[in-house]
Amino acid sequence: MKHPKTRLRNGAAWVVLALILCQFVPLDRFNQKPAPVTAIPDNVRGVLEAHCFQCHSEQTDWPKTAYFAPLSWYVTGKVKEARKALNFSNYDALSDTARQQLRNEVAGFIGSTDLSSHGRIPGFPKIMMTEPERKTLIEWSRNNNR
């Protein structure tokens, strides 16, 4: 029977080896080159870029947490989910009805009380939206994109 310390060292070695090998699992952390979003007014786009585009567009600036497995699997998965739910990079290509639906979703979300817990992903900053920024987005969503 092996000594308990030997078994512990062997187990730790296997864990370290597994963590090293999982770094080589390819992940989709690439951003497609998006066309500039022109259908969103500049003041609104500024707010969206500051608080939403990291996860809800093809303009993600990937944090260090997106490069170290197994945490990277979680981070890239959450960004994929966010893009699937709402992707501002595709906004210009949407129909008027789809644009209005997106704006309604933004307004409903902005009206919620706690943005800091929304989609909290390790490595990305908390959403700390000011009251004027909230008002800008709500007005945009209610004014039919004007």
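Predicted model: local features only at pLDDT ≥ 70, side-chain atom pairs only at ≥ 80, totals over all residues.
Pro70 is found in the loop between α2 and α3. For background, most peptide bonds are trans.

Stepping back to the whole chain, the protein has five helices and zero strands. Read from the N terminus on, its elements therefore follow the order α-α-α-α-α. Of the 146 residues in the protein, 34% are buried. Contacts across the sequence can be counted too: among those between residues at least 6 apart in sequence, 72% join residues at least 24 apart. The paragraphs below follow some of the links between parts of the chain.

How do the helices α2 and α5 meet? Two packed helices are described by the angle between their axes and the distance between the axes. For α2 and α5, the axes come within 9 Å and cross at roughly 120°. The two helices are therefore oblique to each other, and α2 passes α5 in a left-handed crossing. On the α2 side, the residues that take part are Asn43, Val44, Val47, Leu48 and His51, and they meet Glu133, Thr136, Leu137 and Trp140 in α5. Pro132, a residue of helix α5, is 85 residues from Val47 in sequence, yet their C-alpha atoms are 9.8 Å apart in space. Is Pro132 buried or exposed? With a relative accessibility of 56%, Pro132 counts as exposed, because the cut-off for that class is over 50%.

Helix α5 also packs against α4. The axes of these two helices come within 8 Å and cross at roughly 145°, and the crossing is again a left-handed one. Which residues of α4 meet α5? They are Gln100, Leu102, Arg103, Asn104, Val106, Ala107 and Ile110, and their partners in α5 are Arg134, Leu137, Ile138, Trp140 and Ser141.

The structure holds two aromatic pairs. In the pair formed by Phe53 and Phe88, the ring centres are 5.6 Å apart and the planes stand at 15°, so this pair is stacked. Phe53 belongs to the loop between α2 (42-51) and α3 (71-85), while Phe88 belongs to the loop between α3 and α4 (96-110), so the pair ties together parts that are 35 residues apart in sequence. Both Phe53 and Phe88 are buried. What sets the arrangement of Tyr91 and Trp140? Their ring centres are 6.0 Å apart and their planes are at 45°, so this pair is tilted. It links distant parts of the chain, with Tyr91 in the loop between α3 and α4 and Trp140 in helix α5 (residues 131-142), 49 residues apart. Tyr91 has a relative accessibility of 0% and counts as buried. Trp140, at 2%, counts as buried as well.

The loop between α3 and α4 is also the place of Ser89. This serine is buried, with a relative accessible area of 14%. Its C-alpha atom is separated by 6.0 Å from that of Glu58, a residue 31 positions away along the chain.

Finally, what can be said about the cysteines Cys52 and Cys55? The structure holds zero disulfides. Cys52 is in no disulfide, and the nearest cysteine sulfur, that of Cys55, lies 9.2 Å away. Cys55 is likewise in no disulfide, with the sulfur of Cys52 as its nearest.

Terms used:
Residues numbered from 1 in each chain as written. Heavy atoms only, no water. Phe/Tyr/Trp six-rings, centres within 6.5 Å; stacked < 30°, edge-to-face > 60°. Helix = DSSP H or I, 4+ residues; strand = E, 2+ residues; numbered from the N terminus. Buried < 20%, exposed > 50% of the residue type's maximum accessible area, 1.4 Å probe, protein only. Disulfide = S-S within 2.5 Å. Axes fitted to C-alpha atoms, helices over the stretch in contact; angles between N-to-C directions. Parallel < 35°, antiparallel > 145°, perpendicular 65-115°, else oblique. Left-handed = near helix turned anticlockwise from the far one by under 90°. Contact = heavy atoms within 4.5 Å.
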